[in-house]
Structure formats: structure tokens, C-alpha cells
Amino acid sequence: MSVSVDPDAVDLQVEVAGRRLPNPVMVASGCAAAGRELQAFFDVADLGAVVTKSIMVDPRAGRPTPRMAETPSGMLNSIGLQGPGIDAFLATDLPWLVSSGARPIVSIAGSALGEYAELARRVGHSPGVVAVEVNISCPNVNNRGLVFACDPYQAAKVLAVVRRDVPRDIPVFAKLSPDVTDLVTVAEAVMDAGASGLAMINTLLGIAMDPLTLRPVLGGVTGGLSGPAIRPVALRCVWQVHQAMPEVPILGIGGVRTGADALEFLLAGASAVQVGTVIFSDPSAPVRVITELRSELATRGFTSPAQVVGLAHTPAAQASAAHDLDPLRVT
Amino acid sequence: MTGSGPLVLSAAPLQQRAEVLTVKRIGAYHHLTLVAPGVAERFRPGHFAALAVGGPDTALLLRRAFSIYRVKSSGVYGGTVEVVFAVTGPGTAWLAARAPHERVDVVAPLGRPFALPKEPVPCVLVGGGYGSAPLFSLAERLRERGCGVHIVLGAGCEQRLFGTREAKRSAGSVLVTTEDGSVGTRGRVTDVLPELVTGTGAGVVYACGPMGMLAAVAEIAESAGAWSQCAVEEAMACGIGVCMTCVLPVVGEDGRTRMVRSCVEGPVFRGDRVRWSALGSVPADALGAPRWGGP
């Protein structure tokens, strides 16, 4: 059995795709705008990274309301990527994040390859960007509106153009959709195309009916399901991909509410986690998760998040033996 | 805070696990008082509070947003915030079932408050149902500025009116309408409003209530040459500006329509700026509207 350590003995620093971060907790794209609104609740510089809401080339009004429906332990959203466009983002949002000391991971989204390329160029050459996350869960206008993420070939093409245009020293993460038949195939395709790592998962497509109108609740009809309701699905995705490609850095996303939830993602193979929908319920959740993760690790005798990444894939007896041999362990 | 962007938080909100002081039933509504030090000092009429519901392990993730009815800065309980709400689902039912000393996580004050006139002009305040809640602290601020205050309260029936007695204390005149005629004039607030706005020579009409009422009030104010300040109620997930669900089409200073967040850019808007007839849609001329139909 492991012996617990003092939480202060835990060093939460992690290295993800060559980037050193003070801790493995980020805010997820679309759940934190561009970070500024959360500054009222905690210092965004305290996060491992801030993943921005996906930015597109042009300003975008998004979908009609209602845009959300509360569902058990989660919600459906149909925002439609409302945003100011890349010009305003680079003029206002990104400089604010950089000046506040945050580590921005910029999420980009396009409806055609050319848009991804333009975004990659402009974001990749902006100062202060820690990494790029590529939202490929968007309809491809040149492929019958089929979502890029659902087709390994199209997904790989997006990652290839983004990788080509983002400077080498900036990692590029592909954000994967769980709504596919074989996630590992998509994961392998985007890694082969040059991705530095994977962010998983995006929302699951869902729908809710209004008992009064007897019609779909959402103005956009379907929406993305997020929140603790999807956590087991997200963990399964991380588990499967880590098993197939243990060397690939994974950002685990899906219903993280507590430090214990974050620990689950690390055990499944994620190198870092993103806190998303739970921010709507508790705007200070991201920093709470950092504190809780520290104590979850300390209680179990771990002194670094790296010690538990993928640990659940090793048999129980071996796991504790490996841990006992860990030179960083404080007793 | 630094930065030069368009976002201006009118006051830094506080998040706290607030102790329940009282939950009282008033007609068809519930009146909740929470101990929340610091809110009163930041509060201006029109601000709202976002309450988490269901406790720490709840399956109900989204906050419930309510206009702030009243705040007290100190006294025995060290600062309180009060909201009035109707039970419309499991979240509000949970709130209504709270007992004193239990805790409710509250974020407040949020949003942009009512704009106050610089001159001591007569003002008409219109509340639909429990939408009247934020109007009483507004009336107080207006009176302090020397503005004459006239209040109109309307609801489906007497049970659904809120604050008729308080209105009589805080306003020079009070009109009440009910759709079933159980008290006051039978009909809607908009039936009595045009005459009141003209008769008082109102410079500003303030309103809080259902969207349909706000649209009608804005139009009446406009045709009488008065400004209107409408506190909208859009469904919100977060209340703090990060989720982008509570948007509505609003015309900016530059004449452009944008889909703006009612939580941070509202909930109070100039009535003549809101595209009332386009609520629930994205107008084709809005900034960033889909160019080819779209999904």
C-alpha cells in the first residue's frame, strides 16, 4: 500500500507535447470564452492553460435560441460557434490572455481546409500561443456538410494543413469527436498527419424534446451533450486511444467536476485534463480541481501527475510495485 | 483588471456558499433571503444573482438566474441578498424547499443594471408577475434623485402579483392590472400604460417581466417619446458570460445588429435597441449571420 504524502510535496508540473505547464488542469474550449470573464473568480494564470472558445475566420452569429437544454448531469448546447472572428480575437482576446500571464491554447475551427490554414498561420505566428487545438467537429462545406472529425481522411487533411502552417515548436492538438465507429482509426490518422497530441472528447450529438411544444427544445434541433453525464464515455475514449498509442499526449475532457474525476482521466492515459461544462455550475471549479487533484495524488502517495498517467493500464500488483520503485516518491 | 476590449463588468461578482436566512411564500411565489456579505456594496438595481441548485452532487448543472429584489449591507446578519422566484421545475422546487441555515451557492451581483436618468424626470416602472421584484430598489434610487415614480404591476391573477403593498409605499401612483380582473383593472399592463406615460410626461419607462410584455412596453415608450429600459429574461446556463446561450439580437451604437449575451451585456437593455420581433432567431442582417441558409 502506498503511504500518503504532504500535499505540499506534490509537484503538479507536467510536460505535455514538449510544453511545460505548472499543472495539468485547463479550461475546455467553449466553456470559458477567452478567459476574461473567469478572472473575476480566480487568476487565469493559475491554470495549466486556457483553451479558448473555437475561433473562426469571420465573425459568426451562431444558431438561434434556445441554445441549451439541461439534461441529467449535463446539458445540450447548440451555440453554432458564435464568435468575433480571427481579427477581433487577435486584436483583443489573445493579447489580454497573454498579458494576464495565462498560457493560451487557441482553438481553431473552419468549414473548409483553406480556413484552417489561414487560422493556423495567423494564430501560429501570434506571440504567446502555447499550443493550437484543432476543433474538427465542424461541418465541411465541401463534403456534404459531413463533420471533419467523423472521417479519418478529412480529419487528417485538416491536421496536415494546420501542422504545415503552425511553427514547429508549437504543439497542435486534434480535438476528437466520440461520435465515430472507431475512434482509434481517427486518432491514428490525425497523428500520422502531424498532430502533436489529442484532445478528447468533444460533445456527443443529442436531442431533447419540449413537453409543451412537442418539438425539439433547441433552435438548432440537435446539440452537443456535455457534463458529468458523458464522463464514462470520455474515459473510455481516452482509455482506448492510450492503449493503442501509449506515447501520444492526450488532453482528457468530459465531465470533470472534481480532482477525483481529473485523477480518473490521468489513470486512463491523459497527460492533462480540461474542465468544461462544470464551470457553468461553479465558475471557480477549475482552481478547485487543481487543489483537489493535488490532495488526491498526495493521499495516494504520488508526488507528480506523471506518475499516474496511464497507470490504470498496468495490472494492479505491477502498478503498486512500479510505484514503490519510483525515485521521486517521498516517504 | 486590464484590457481595452468591449467587455466591461459593472461590478466584480462574488461567489459564495450563502446561508439561507428565510424562504417565505408570497402568493404564487417564493421569497428567498441569503446571507451574502459584500453583495450590497456592489449592487445596483437591475443586477441579478445566479444560484446553483440541488446541492454538491446534483444532476442539475445549470445555475438559475433571478433579478435581485433587495440587498442589505449589514445588520445582524452581515449583508443579505433577496430574490423572488416561481417554482417552474426541479431546480426552483429545490430552492423553495430550503430551510434556514442550509447553504446555497450564489454568484452576485451580475449583469448590467438599469441606467438612471441624469435629470429628475418622472419615471414609470412596469412589472409583470414577479418581474416587479427589482423595481422597488430601483424606485428608491430614482426617488433619491428627485424623480417622480409611478408603478404599474400586472399579472394573470391576484396570486401572481408581487409587491402591490410595497409599490404603494415606494411610488407616487400605483396601477394594478390582472387578466382575470381579480384585482385592479381587468387586462394587461399595456392597456393602462400609454395613458400613464403620456399623463405623467415620463422620461423613462423601466420594465421587467415576460418578453412579450417588454416588447409592448418598449413600443409604447418609444411612441410616447420616452426612453425604455427593459430587463430581459433569457434562459442562461452560466450567468457570467462564458456559455453564449442567453443571446438576443440587439442593435449597437453603430447600427449593426449583434447577437449579444443578456447576462453580461444585459439583462437591462434600451428597449429601442432590442430586435423584439426577431427574438429566437438570428436576423439575416446580424453581424456574422449565416450567408447561405446554413444548418
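## Helix packing in chain A

A crossing of two helices is called right-handed if the near helix is turned clockwise from the far one by less than a right angle. In this predicted model, the crossing of α4(A) and α5(A) is right-handed. Helix α4 of chain A covers residues 183–192 and helix α5 of chain A covers residues 231–244; their axes lie 10 Å apart and form an angle of about 55°. The two helices, α4(A) and α5(A), are therefore oblique to each other.

From α4(A), the residues Leu183(A), Val184(A) and Ala187(A) take part in the contact, and they meet Cys237(A), Gln240(A), Val241(A) and Ala244(A) of α5(A). By class, the residues of this contact between α4(A) and α5(A) comprise 6 nonpolar and 1 polar, with no charged residue.

## An enclosed helix in chain A

The buried residues of α6(A) are Gly259(A), Asp261(A), Ala262(A), Leu263(A), Glu264(A), Phe265(A), Leu266(A), Leu267(A) and Ala268(A).

The elements of chain A against which these buried residues of α6(A) pack are the strands β3 (25–27), β13 (250–253) and β14 (272–275), together with the helices α5 and α8 (285–299). Just after α6(A) comes Gly269(A), whose phi is positive, at about 130°.

## Backbone geometry in the loops of chain A

Most residues other than glycine have a negative phi, and most peptide bonds are trans. Thr65(A) and Pro66(A) are joined by a cis peptide bond with omega of about -5°. Pro66(A) belongs to the loop between β4 (49–51) and β5 (68–71) of chain A. A cis peptide bond also runs from Met200(A) to Ile201(A), with omega near 15°. Ile201(A) lies in the loop between β10 (197–200) and β11 (204–206) of chain A.

Leu81(A), which is not a glycine, has a positive phi near 55°. This residue, Leu81(A), is placed in the loop between β6 (74–77) and α1 (86–99) of chain A. Leu81(A) is buried, as 21 other C-beta atoms lie within 10 Å. Leu214(A) is likewise not a glycine, and its phi is positive at about 60°. The loop that holds Leu214(A) runs between β11 and β12 (223–226) of chain A. Leu214(A) counts as exposed, with 7 C-beta neighbours inside 10 Å.

## The nonpolar core

The largest nonpolar core contains 212 residues, of which Val132(A), Ala49(B) and Val217(B) touch the most other members. Helix α6 of chain B (residues 211–223) supplies the largest share of this core, namely 8 residues.

Leaving aside residues up to four places away in sequence, Val217(B) touches Val126(B), Thr190(B), Leu193(B), Val205(B), Ala207(B), Ser228(B), Cys230(B) and Gly271(B).

## The interface between chains A and B

The interface brings 36 residues of chain B into contact with 42 residues of chain A. On the side of chain B that touches chain A, 25 residues are nonpolar, 9 are polar and 2 are charged.

Key
Residues numbered from 1 in each chain as written. Chains lettered and ligands numbered in written order. Predicted model: local features only at pLDDT ≥ 70, side-chain atom pairs only at ≥ 80, totals over all residues. Contact = placed C-beta atoms within 7 Å. Nonpolar A, V, L, I, M, F, W, Y, C, P; charged D, E, K, R; others polar. Core = buried A, V, L, I, M, F, W, Y, C linked by C-beta atoms within 7 Å. Buried ≥ 20, exposed ≤ 12 C-beta atoms within 10 Å, placed from the backbone. Helix = DSSP H or I, 4+ residues; strand = E, 2+ residues; numbered from the N terminus. Axes fitted to C-alpha atoms, helices over the stretch in contact; angles between N-to-C directions. Parallel < 35°, antiparallel > 145°, perpendicular 65-115°, else oblique.
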